[in-house]
Amino acid sequence: METKVFRPGPDRDDIAAAAEIIRSGGLLGIPTETVYGLGADALNEAAVARIFQAKGRPQDNPLILHVPSVSWLERYCRDVPPSAYALAERFWPGPLTMILPRRENVPLRTTGGLDTVGVRCPDHPLTLAIIEAAGVPVAAPSGNLSGRPSPTTAAHMLQDMDGRIDAIVDGGPCRVGVESTIIDLTVSPPRLLRPGGLPLEELRQVLGDIAVDGAVTHRMDEGEHPRAPGMKYRHYAPHAPVTAVVGGAGRSAAYIQARLGQKDGVICFDEYAGLFAGHVVHTLGPAADRRAQAQHVFDALRTFDETDVPHIYAQCPDDAGLGLAVGNRLKKAAGFHVVDAGPLVIGLTGPTGAGKTSALLALERLGGCVLDCDAIYHRLLQTDAVLRGELTAAFGEVFNEDGLDRQRLGKLVFSDPAAMERLNRIVFRHMSVAVRERLDTASESVVGVDAINLFESGLDAMCRRTVGLLAPVEDRVRRIMARDDISEEYARLRIAAQKDDDFYRTHCTDILVNDVASAEEFEERAYAFFSVLIKKCKEESDQ
Ligand code: TXA
Ligand code: MG
């Protein structure tokens, strides 16, 4: 088949022709703000079957429906919750896909047999016009051959799809460069299935609590099932094997420089390109510019296939903002072969009385150092003039000669959620900077980040794994009564005010349960647990 290329100008004939391809069951390459898509009529089973065939895509991997506006949502989804409308209002058209219960008019072939369906409204005027004109939702996976990097220009899509599709609409290079963020709204709390062009932090501003699916952060173990079927496949991979290097820009650059073979290629931040003269180098953009990195990550991976480098080393940003999506694509391209040029960072969290002290002792016995975030916070309150200034500007004279007047600040924030939110935002920002600095200079190979607010603070973005320490409530009551010398009633009150086990089970990558009789016994259990976890992370790195 000959693949036509449309370059729609101001006259809209091409739009009508493109819409006609969709309506008649054909395959059309469409530009979106994220990546190019391989579109067909989502309600036409034969057309949808052609998508799977053209891509070489496994049948169980569902497709996303593209709609021109939120008003189409109820046509294809049931039980649409208010949160979906809140998200659409704020982020559509844009790089956000919502998973919702499927209506029966959406063929199972489109949803890979699932009872849910992913829907998004892409932010590209040509594609919006084409879908409107076609009058049907357009199912569109990324326009690459299955397993290859997603295309961000029409030329890249043609490399994979020339001769396999009826036409492609050239709408210029994609503005965002990574695929949409996928959020599952059929579970509570909502679950991030794929990080993408819309940062998790922005979603949290609307939805509050969000869990992150394990497939986002690490390779799935045997028996683990990602909730987005597509996340289980090796992906985005150029032909040469990739090693993704995390752990701070300066360190990852030095790590790569020390190991780079003569013919190996590099994907790096702009600032470090000079270190790799004589090698095939593709730059991602400045180390601090995650938007630029998102725009370039797939092009960098794809362009390597025009060379014969035997191995590719890639510098990864950390998980803040768009870094979560950029790092995820690089790590997936590496089959989660991730090397930590910095220390292995393990976040530790959980409710009081679960036995954290023993767990930390075990981690230290294994050579790890522990960053106590509570202590860091108290030190910052003493030493960080900017933090003190910001708190004073926000809450008035909350410092006296002895330091922070806790009672005064407490009175202001405990009964006022908006004030609490303001306080947290200020504190968490300063905490992140302090912890990042500490990690950048750590000499230990394993660092535990001990933070009661690990997720709320965003510190989890710096951790390779996050461990939730849990214990039966009755044990915790006993422990905190003895430890803090308080009444049973007060101990129960404190426990009731904390997050429940489900929170940790849905947020942490790993759970460690303390249901043994003594602290010594638990320390041994924690020792064994951390030994295995550290070994596993090191193995992922060494493969
Ligand atoms: O930005 C994007 O989302 C691009 C452009 C073209 O819109 N599309 C895209 O589609 O990335 P695709 O098929 O390459 O990736 C869709 C992902 C897959 O991992 C799939 O498993 C997941 O979304 N997905 C789709 N429907 C789902 C559902 N009902 N439940 C869970 N995951 C779903
Ligand atoms: Mg894809």
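Which way does H17 pass H18 in their crossing, left-handed or right-handed? The crossing is right-handed. The legends below take this contact and other close-ups in turn.

This is a predicted model, in which local features need pLDDT of at least 70, side-chain atom pairs count only at pLDDT 80 or more, and totals for chains, interfaces and linings use all residues. Residues are numbered from 1 along each chain as its sequence is written, chains are lettered from A and ligands numbered from 1 in the order in which they are written, and side-chain values use heavy atoms, with hydrogens and water left out.

**View 1. Helices H17 and H18 pack at an angle of about 120 degrees.** H17 covers residues 473-484 and H18 covers residues 488-496. Helices (H or I, at least four residues) and strands (E, at least two) are DSSP runs, numbered from the N terminus. The two axes lie 9 Å apart. Axes are lines fitted to C-alpha atoms, for helices over the stretch in contact, and angles run from 0 to 180 degrees between N-to-C directions. H17 and H18 are therefore oblique to each other. Angles under 35 degrees count as roughly parallel, over 145 as roughly antiparallel, 65 to 115 as roughly perpendicular and the rest as oblique. H17 passes H18 in a right-handed crossing. A crossing is left-handed if the near helix is turned anticlockwise from the far one by less than a right angle, and right-handed if clockwise. From H17, the contact (heavy atoms within 4.5 Å) takes in Val-473, Glu-474, Arg-476, Val-477, Ile-480, Met-481, Arg-483 and Asp-484. From H18 come Glu-488, Ala-491, Arg-492, Arg-494 and Ile-495. By class, the contact of H17 with H18 has six nonpolar, no polar and seven charged residues. Ala, Val, Leu, Ile, Met, Phe, Trp, Tyr, Cys and Pro count as nonpolar, Asp, Glu, Lys and Arg as charged, and the others, Gly among them, as polar.

**View 2. Helices H4 and H7 pack at an angle of about 130 degrees.** H4 spans residues 82-91, and H7 spans residues 200-207. Their axes are 10 Å apart. H4 and H7 are therefore oblique to each other. Their crossing is right-handed. Ser-83, Ala-86, Leu-87, Arg-90 and Phe-91 in H4 meet Glu-202, Leu-203, Gln-205, Val-206 and Leu-207 in H7. This contact of H4 with H7 has six nonpolar, two polar and two charged residues.

**View 3. Gly-29 sits in strand E2, residues 28-30.** At 0% relative accessibility, Gly-29 counts as buried. Buried means under 20% relative accessible area, exposed over 50%, partly exposed in between (1.4 Å probe, protein chains only). Gly-29 and Ile-168 are 139 residues apart in sequence. In space they are 4.0 Å apart, C-alpha to C-alpha. Leaving out residues up to four places away in sequence, Gly-29 touches Gly-37, Met-157, Ile-165, Ala-167, Ile-168 and Val-169.

**View 4. E2 and E3 form a hairpin with six residues between them.** E3 covers residues 37-41. The pairing is antiparallel, over three bridges. Two strands pair if DSSP finds at least two bridges between them. Gly-29 stands opposite Leu-38 in E3, and Ile-30 has Gly-37 as its bridge partner. E3 is mostly covered: five of its five residues are buried. E3 also pairs with E7 (residues 138-139) in the antiparallel sense, over two bridges. There, Ala-40 stands opposite Ala-139.

**View 5. Strand E13 pairs with E14 and E15.** E13 covers residues 265-268. Gly-265 and Ile-267 point one way, Val-266 and Cys-268 the other, and all are buried. In a regular strand the side chains alternate between the two faces of the sheet. Three bridges join E13 to the parallel strand E15 (residues 312-315). Gly-265 stands opposite Ile-312 in E15. E13 and E14 (residues 281-283) are also parallel, over three bridges. The bridge partner of Cys-268 in E14 is Thr-283.

**View 6. Five strands form an open sheet in the order E18-E21-E17-E22-E23.** The pairing is parallel. E18 (369-372) and E23 (510-513) are the edge strands, and each pairs on one side only. The twist averages 25 degrees from one strand to the next. E22 (residues 465-470) and E23 pair over four bridges. Gly-468 stands opposite Ile-511 in E23.
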